[in-house]
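Take a look at the chain below. We will walk through it step by step.

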Amino acid sequence: MGARARVLQARVLPQGWLDVARQVSLFLCAYFAYRLVRGTVEGRATAAFQHAREVISVERTLHLFVEPSVQAWASGSHLVMEIASWLYVNAQTSVTIGALLYVYLRHNQSFYFVRNMLMIGMAIALVGYSVFPTAPPRFMPEWGFIDSVADVTGVGASQGSGSMAALFNPYAAVPSMHVAFAAMIGWPLARLVRTPAVRVLWVLYPFLMTFVIVITANHFIVDALLGALTAGASACGASWLGRVRPDAWRFSKTAVAHVRPSG
């Protein structure tokens, strides 16, 4: 009976309660850092809208400014817009947290690499939000954009209510962390899962989120590209950290037999 309890505890708490508390504390620190940056940009609407116009100018120069047309095309299907809008509202939290729990419990040897990626990515994003606050496309109806999330789901983040208000930064378009998080979660999971169909789904997840953020007018294409670059830079940073502490922070597809130091 005692041996069975120890096996169960090892599955639920691979590194013990102290490690769980450490990981939760790290993410709480990241959350409070986000809140701090959110407070610094709330009064910079003029700069945020100017930056959005600059993004549009760059996209028009590069012939990438297709977002109004893409949203108009997608708006022809209420089902597509409804699914996309709910995905935008929920994926950043529910999918990411669920994926992190899965990696922690089932592939604990790789969790710390993924965690380090997320931490580096959030640090990059906070710098971007501070230096280059940018209004999302949905704030610019003069270009033909509509706020589909508010229209379809009735969830208006800008109304500032409840938990949505606590997490909502109205000028956090550059980089798109929906895309960055999707890449930092999706591609490692594609390497960890065994089922081929599930592996394909995780590979496609970042591309799905790119489609979602564009048709809901929450991000420009440039934002998505910068989000992908953020994920790539974060992966490079996590790989470097993995070389510094290979026993704790490296990415590994195979379980280790010994108890390695957590971090």
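Is Q71 buried or exposed? Q71 is buried, with a relative accessible area of 1%. Here buried means under 20% relative accessible area, exposed means over 50%, and partly exposed lies in between (1.4 Å probe, protein chains only). Q71 sits in helix α4. What does Q71 touch, leaving aside its neighbours within four places in sequence? Its partners are G144, F145, I146, S148, V214, I215, T216 and A217. Contact means heavy atoms within 4.5 Å.

First, some ground rules. This is a predicted model: local features need pLDDT of at least 70, side-chain atom pairs count only at pLDDT 80 or more, and totals for chains, interfaces and linings use all residues. Residues are numbered from 1 along each chain as its sequence is written, and side-chain values use heavy atoms, with hydrogens and water left out. The score pLDDT is the predictor's confidence in each residue, from 0 to 100. Its mean over the chain is 84, and 82% of the residues reach 70 or more. Residues 157-166 stay under 50. For that stretch the model has 10 contacts beyond four places in sequence.

Now the overall plan. The chain has 12 helices and zero strands. Helices (H or I, at least four residues) and strands (E, at least two) are DSSP runs, numbered from the N terminus. Of the 263 residues, 44% are buried. Take the contacts with a separation of 6 or more: 84% of them join residues 24 or more positions apart.

Next comes the inside. A nonpolar core is a set of buried Ala, Val, Leu, Ile, Met, Phe, Trp, Tyr and Cys residues joined through side-chain atoms within 4.5 Å. The largest one holds 51 residues. Its members that touch the most others are L118, Y129, M177, M184, I185 and W202. Two or more residues come from each of α2 (17-41), α5 (78-106), α6 (108-131), α9 (177-192), α10 (196-215), α11 (221-244) and α12 (246-249). Helix α9 gives the most, with 11 residues. Look at W202: not counting residues up to four places away, it touches V95, A99, I185, G186, W187, L189, A190 and V193. A second, separate core has 12 residues, including A48, V55, Y171 and A217.

How do two helices meet? Two packed helices are described by the angle between their axes and the distance between the axes. For α5 and α6, the axes come within 6 Å and cross at roughly 145 degrees. Axes are lines fitted to C-alpha atoms, for helices over the stretch in contact, and angles run from 0 to 180 degrees between N-to-C directions. Helix α5 brings L100, V103, Y104 and R106, while α6 brings N108, S110, F111, Y112, V114 and L118.

The structure holds 12 aromatic pairs. Rings of Phe, Tyr and Trp (its six-membered ring) pair if their centres lie within 6.5 Å; planes under 30 degrees apart count as stacked, over 60 as edge-to-face and the rest as tilted. F65 and W143 have ring centres 5.4 Å apart and planes at 85 degrees, so the pair is edge-to-face. F65 lies in the loop between α3 (45-61) and α4 (67-74), and W143 in the loop between α6 and α7 (148-153), so the pair ties together parts that are 78 residues apart in sequence. F65 is buried at 18% relative accessible area, whereas W143, at 30%, counts as partly exposed. Together with F145 and F220, these two form one aromatic cluster.

Finally, the backbone. Most residues other than glycine have a negative phi, and most peptide bonds are trans. H63 has a positive phi of about 60 degrees, although it is not a glycine. H63 lies in the loop between α3 and α4 and is exposed, with a relative accessible area of 71%. A217 also has a positive phi, near 60 degrees. A217 lies in the loop between α10 and α11 and is buried, at 0% relative accessible area. A cis peptide bond joins V174 and P175, with omega about -5 degrees. P175 lies in the loop between α8 (162-167) and α9.
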